[in-house]
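Have a look at the picture, then read on.

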Amino acid sequence: MDLGAISGFGFAAAFAAYTKHLGASNPTSVAAFFVFLTAQAIFYVVFTSLVYRWFISATKHLPHPKNTPFVLGNLVPFLAEPWGFPLVRWQPTIPTTASGFYRIFLGPFDFVIPRTSQAVTTIMSQPYTFVKPKAVRDGLVESLGVGLVSAEGDDHRRQKKLLTPIFGLSRNRRLLPQMWAKAGVLTEKMCELVLESGSKSTILLMHPLTMAATLDVIGVTTLGVDFDSIRRPDQPILKAFQRVFPSNENQNAWARFFGATLPALVSPHLLFKLPLKPIREFHSGVRVIREMCLEQITLKRREIEEAEAAGRGEENSSVEAKEKDILSAIVASGLQDEDEMMSHMLTILAAGHESTAITLAWALFKLAQLPDVQDKLRAEISDTLDRLHIADPSSPSSPIPTLEEINSMPYLRAFLMEVLRMYPAFPSMMREPTHDVKISDDLTLPRGKPLMVSPYAVNRSRELWGDDADEFHVERWEAAYNGGAKTAQAFFTFSSGPRICIGKDFAVLSLKVFLVVLVSKLRFEEAVKGWHPTVQKGTSLKPQGLKIKVSLV
Ligand code: HEM
């Protein structure tokens with residue numbers, strides 16, 4: 001709760017006390033409290049919408065979407081659509097300013113949005129000046145601890161320096177066989193479901209399958225634990241993850257309201273203490289995941305110590321134990337703080353699993369929607385697998401391609417880049433300046449001003465991508481390695497600057513591996529012709545109720 005709200009309550013309480021002092025009864029004083037509170041709220045909304053916004057605010061001269069209602073502003077489309085979506089419609093209608101920013105009005109609040117690539121770079125290149133808002137950070141700290149996504153300033157700088165080498169090319173090369181094996185398990189599972197249906201094809205709800213598959217990849221590559229959630233959807237870790245990151249498909253209306261609305265209204269410190277079912281579920285899920293991470297930290301420490309003791313004097317004798325998975329590498333880096341290690345694990349599990357699952361689900365949807373693209377992709381994959389003498393990529397005894405062989409498929413890259421461009425798993429991010437920041441002669445952003453930076457809107461900007469920015473064209477990535485974008489920042493799916501996604505190469509590799517194995521053995525078609533999934537409200541681009549018809553190739 002901010003200072004304004006606290007003083008509002010204070011004034012209302014003082015007014016109620018005054019009425020009591022004048023001899024009012026208890027019910028009258030309580031009524032006076034609420035009447036005063038409501039009057040202040042109405043005054044606040046009217047003052048900010050009609051006076052502050054236009055005559056006083058430091059951003060008063062910034063352009064804004066046309067035909068915006070005075071009091072509600074752009075709140076209705078903003079709440080009705082997923083984060084970032086209306087920005088795609090608004091941005092071409094907004095005149096360019098020297099600063100490159102514009103603003104939208106969410107009820108009484110102004111949000112500032114970078115419109116040009118230069119403006120986006122200004123924000124992203126100064127991550128310790130434009131930080132995540134306190135409420136967002138507090139929420140992340142409550143759920144994940146102080147890991148890379150929630151750390152700020154020197155703490156973030158140190159953590160990023162520690163973790164960046166662990167996510168390097170050689171790690172991905174090492175982890176590729178585990179990704180390949182899990183892609184095989186997912187493919188076999190889908191083949192079984194088709195065969196069990198007794199027909200040539202079956203309709204599958206995709207997101208739960210892709211969630212299980214990417215969780216298994218993250219489990220085995222990060223912790224060295226095989227959750228096996230593709231084959232055992234009822235196993236406790238998957239259930240725990242579903243409680244921590246619930247999907248609309250298995251939530252009632254109250255839980256959906258809770259997930260989408262309450263976090264915007266209540267401070268995270270208070271929210272996570274409320275005696276509500278979704279909160280209890282969340283905590284019980286986090287408990288299960290934490291216990292498992294703690295067990296693994298202890299195990300890795302022991303393995304590395306034993307390997308070092310066994311090979312004392314011999315160089316590289318313990319390399320295998322230290323390089324086995326991401327957690328082993330973190331333990332071997334010399335980090336001692338167990339809480340921080342735990343935060344890294346929770347952060348990687350959280351940041352790496354759902355984002356990749358969402359992207360894979362959209363990729364399969366696009367293949368189903370665009371049979372020509374699917375045929376072309378399958379032809380490229382078949383040629384490559386033939387060349388490598390891989391007859392059955394989902395067989396546990398299949399030879400495994402190298403990283404270079406996976407990266408040797410240009411159409412696969414082009415298709416995946418277009419999916420990542422059009423469907424960034426995190427459509428918008430929030431930031432706020434830690435102090436007043438002069439952007440240009442005509443704009444100083446005041447401390448605490450809410451800023452919204454949207455990968456979804458940047459990736460679909462016509463100025464950056466051309467008139468077909470809003471269309472799915474794989475060819476743009478075949479014609480030019482950067483997709484024909486006007487600037488390096490135009491592809492914004494993984495963010496940019498010092499807070500760029502640490503797992504981007506890991507994610508791209510695992511997505512390519514999944515696509516190679518799946519597309520080589522299965523055909524994807526629309527379950528209902530012309531149907532497009534809606535996006536679940538919230539901070540990610542989760543496709544809701546995505547069903548795809550699947551058959552064997
Ligand atoms: C398609 C998949 C992915 C997408 C679209 C994605 C996107 C992003 C974005 C937009 C951010 C910036 C968030 C912000 O600053 O508010 C981010 C940060 C991060 N991502 Fe990813 N991510 C993906 C996969 C992964 C994977 C697989 C991992 C780990 C294995 C991972 C780990 C992280 C971490 C640790 C951060 C925080 C980086 C920092 O603040 O310095 N991500 N990701």
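## Where helix 17 meets helix 24

On the helix 17 side, Gly 352, Ser 355, Thr 356, Thr 359, Leu 360, Ala 363 and Leu 367 come up against Ala 507, Ser 510, Leu 511, Phe 514, Leu 515 and Val 519 of helix 24. Sort that contact by class and you get eight nonpolar residues, five polar ones and no charged ones. Keep in mind that this is a predicted model.

How do the two helices sit against each other? The axes of helix 17 and helix 24 come within 10 Å and cross at roughly 40°, which means helix 17 counts as oblique to helix 24. As for handedness, the crossing of helix 17 and helix 24 is right-handed.

Helix 17 (338–369) and helix 24 (504–521) are the elements that give two or more residues to the shell around the ligand. Which of the elements gives the most to that shell? That's helix 17, with seven residues.

In total, 24 residues surround the ligand, and the closest are Ala 351, Gly 352, Ser 355, Cys 501 and Gly 503. By class, the shell has 14 nonpolar, eight polar and two charged residues.

## Helix 10 against helix 14

Now for another helix pair. Helix 10 (residues 236–244) and helix 14 (residues 277–310) have axes that come within 7 Å and cross at roughly 135°, so helix 10 is oblique to helix 14. This crossing of helix 10 and helix 14 is left-handed.

Who's touching whom? Helix 10 brings Pro 236, Ile 237, Ala 240, Phe 241, Arg 243 and Val 244, while helix 14 brings Glu 281, Phe 282, Ser 284, Gly 285, Val 286, Val 288, Ile 289 and Met 292. The tally for this contact of helix 10 with helix 14 is 10 nonpolar, two polar and two charged residues.

Key
Residues are numbered from 1 along each chain as its sequence is written. This is a predicted model: local features need pLDDT of at least 70, side-chain atom pairs count only at pLDDT 80 or more; totals for chains, interfaces and linings use all residues. Axes are lines fitted to C-alpha atoms, for helices over the stretch in contact, and angles run from 0 to 180 degrees between N-to-C directions. Helices (H or I, at least four residues) and strands (E, at least two) are DSSP runs, numbered from the N terminus. Angles under 35 degrees count as roughly parallel, over 145 as roughly antiparallel, 65 to 115 as roughly perpendicular and the rest as oblique. A crossing is left-handed if the near helix is turned anticlockwise from the far one by less than a right angle, and right-handed if clockwise. Two residues are in contact if their C-beta atoms, placed from the backbone, lie within 7 Å. Ala, Val, Leu, Ile, Met, Phe, Trp, Tyr, Cys and Pro count as nonpolar, Asp, Glu, Lys and Arg as charged, and the others, Gly among them, as polar. A residue is near a molecule or strand if its C-beta atom, placed from the backbone, lies within 6 Å of it.
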